[in-house]
Amino acid sequence: MGHMQASCPVGVFHAALECYQASGYDGLGRQGVDFWPVIKEARGEMTTVISRYSYRDRPGAPTMTNGSYLFPAKDGPLATVRFEALRLGMLETEARIFIERALVDKALRAKLGNELAQRAQQFLDDRVRGILRAKDGRSGSPVGSDASWLWYAGQFSESARTLFRLAGEVAAKLKP
């Protein structure tokens, strides 16, 4: 995912948290929801605080340099499509984490049973493959193109339903 701009396809924002989590990172790195242009740079153009430092210099996960998930409206900030996509992706990532915790804990995995554990692992692996397929252009569209992410968007509704259904199955098996 790496360095992301506001012009990225919406699917990138939807997939970002899960992609980073599946890669071993705990979040997106430094973010802002309302870093609107507030300072003048040397050429006199307005810029944001987040753009003052190279994203390579920020600690932690590869940083999405989008700093305005909210839009500065007259009566206060409004959510953007990017914000809603990120929020939806967060819900899906939390379901993924719940399932993964059950898969890696031997006692919990035993409660799941082999069939559910294998099915859940295969499904989680397939979700990451879907993100990579869109990111790398393996959907038949140019690498990282809007069309490639549109392919991803066509897949994620059914995938989200399956993810939440699996999380429900896992929760039912883990009940005391």
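Predicted model: local features only at pLDDT ≥ 70, side-chain atom pairs only at ≥ 80, totals over all residues.
**View 1. The whole chain, with its elements in order.**
The chain has five helices and four strands, and read along the sequence these elements follow the pattern α-β-β-β-β-α-α-α-α. Of its 176 residues, 38% count as buried, while the accessible surface of the chain comes to about 10300 Å², of which 56% belongs to carbon and sulfur atoms. Among the contacts in the chain with a separation of 6 or more, 59% are made by residues 24 or more positions apart.

**View 2. Confidence along the chain.**
The mean pLDDT of the chain is 78, and 69% of the residues reach 70 or more. Among the elements, helix α3 (residues 106-112) has the highest mean pLDDT, 97, whereas strand β2 (residues 46-47) has the lowest, 76.

**View 3. The hairpin of β3 and β4.**
Strand β3 (residues 70-73) and strand β4 run antiparallel and are joined by four bridges, and the two strands form a hairpin with two residues between them. Within this pairing, Leu70 stands opposite Ala79 in β4.

**View 4. Thr80, between a strand and a helix.**
Thr80 lies in the loop between β4 (76-79) and α2 (81-104). Because its relative accessible area is 16%, and buried means under 20%, Thr80 counts as buried. Not counting residues up to four places away in sequence, Thr80 touches Ser68, Tyr69, Leu70 and Phe71, and Leu70 is also the residue that stands opposite Ala79.

**View 5. The largest nonpolar core and a second one.**
The largest nonpolar core has 15 residues, of which Ile99, Leu103, Leu112, Leu124, Leu163, Leu166 and Val170 touch the most other members. Helices α2, α4 (114-136) and α5 (146-174) each supply at least two residues of this core. A second, separate core has eight residues, among them Ala16, Tyr20, Ala85 and Leu86.

**View 6. The surroundings of Leu166.**
Leu166 is one of the residues of the largest core that touch the most other members. When its neighbours within four places in sequence are left aside, Leu166 is in contact with Ile99, Leu116, Arg119, Ala120 and Phe123.

Notes:
Residues numbered from 1 in each chain as written. Heavy atoms only, no water. pLDDT = per-residue confidence, 0-100. Buried < 20%, exposed > 50% of the residue type's maximum accessible area, 1.4 Å probe, protein only. Contact = heavy atoms within 4.5 Å. Pairing = 2+ DSSP bridges. Core = buried A, V, L, I, M, F, W, Y, C linked by side-chain atoms within 4.5 Å. Areas by Shrake-Rupley, 256 points an atom, 1.4 Å probe, with all protein chains shown as cover.
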